[in-house]
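I opened this structure for the first time today and kept notes as I went. The entries below record what I looked up, in the order in which I looked it up.

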Amino acid sequence: KKEDLRDYYGFADASLIFSLRETYSMTVAESLACGTPVIGFKCGGPDSIGFSKSAIFVDYGNVDEMVRRIQEILSSHERAVLDKNLDNINIAKEFLELVK
């Protein structure tokens, strides 16, 4: 159920993305929408979209940097904040500008 998924994301201190390649990444979007910060490897999609200030991506395979970023998030206890430009209206406007 959607409510269960929301609760799982909400209970987490952070979502971790270890993918080698991803496209848009619903996992990242869902996590941020539930207030859960994201830390992951640069894998193509999520890191190129610039989801939020609460989504941190490091070079693929840089485990030391990943660990450092995880420790930062866990010690800050901050919840994710969505970028104000990520609402449906702004996304639709930007898409229409691209296809004109």
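The notes go from the whole chain to single residues.

**Ground rules.** I am working with a predicted model, in which local features need pLDDT of at least 70, side-chain atom pairs count only at pLDDT 80 or more, and totals for chains, interfaces and linings use all residues. I number residues from 1 along each chain as its sequence is written, and side-chain values use heavy atoms, with hydrogens and water left out.

**Confidence.** I looked up pLDDT, the predictor's confidence in each residue on a scale from 0 to 100, and found a mean of 81 for the protein chain, with 78% of its residues at 70 or more.

**Layout.** I counted helices and strands as DSSP runs numbered from the N terminus (helices H or I, at least four residues; strands E, at least two). The protein chain has five helices and three strands, and from the N terminus on they follow the order α-β-α-β-α-β-α-α.

**Surface and contacts.** I took buried to mean under 20% relative accessible area, exposed over 50%, and partly exposed in between (1.4 Å probe, protein chains only); of the 100 residues, 28% count as buried. Taking contact to mean heavy atoms within 4.5 Å, I noted that residues 24 or more positions apart account for 45% of the contacts with a separation of 6 or more.

**Helix H4.** His 77, which follows H4, has a positive phi, near 55°.

**Aromatic rings.** I searched the whole structure for pairs of Phe, Tyr and Trp rings (six-membered ring for Trp; centres within 6.5 Å; planes under 30 degrees apart stacked, over 60 edge-to-face, the rest tilted), and the search gave two aromatic pairs. Phe 18 and Phe 41 form an edge-to-face pair, 5.9 Å centre to centre with 65° between the planes. This pair links distant parts of the chain, 23 residues apart, with Phe 18 in the loop between strand S1 (15-17) and helix H2 (26-33) and Phe 41 in strand S2. Phe 18 counts as partly exposed because its relative accessibility is 47%, whereas Phe 41, at 6%, counts as buried. Ring pairs join Phe 18, Phe 41 and Tyr 60 into a cluster.

**Thr 36.** Is Thr 36 buried or exposed? Its relative accessible area is 0%, so Thr 36 is buried, and its place is the loop between H2 and S2. A polar atom of its side chain lies 2.4 Å from the backbone oxygen of Tyr 9.

**Val 38.** I then turned to Val 38 in strand S2, which counts as buried at 0% relative accessibility. Leaving out residues up to four places away in sequence, Val 38 touches several residues, including Ile 17, Val 28, Leu 32 and Ile 56. The C-alpha atoms of Val 38 and Ile 73 are 9.0 Å apart, although 35 residues separate them along the chain.

How values were computed
A polar contact is a pair of N or O atoms within 3.5 Å; within protein, one must be able to donate a hydrogen and the other to accept it, and residues adjacent in sequence count only if both atoms are side-chain atoms.
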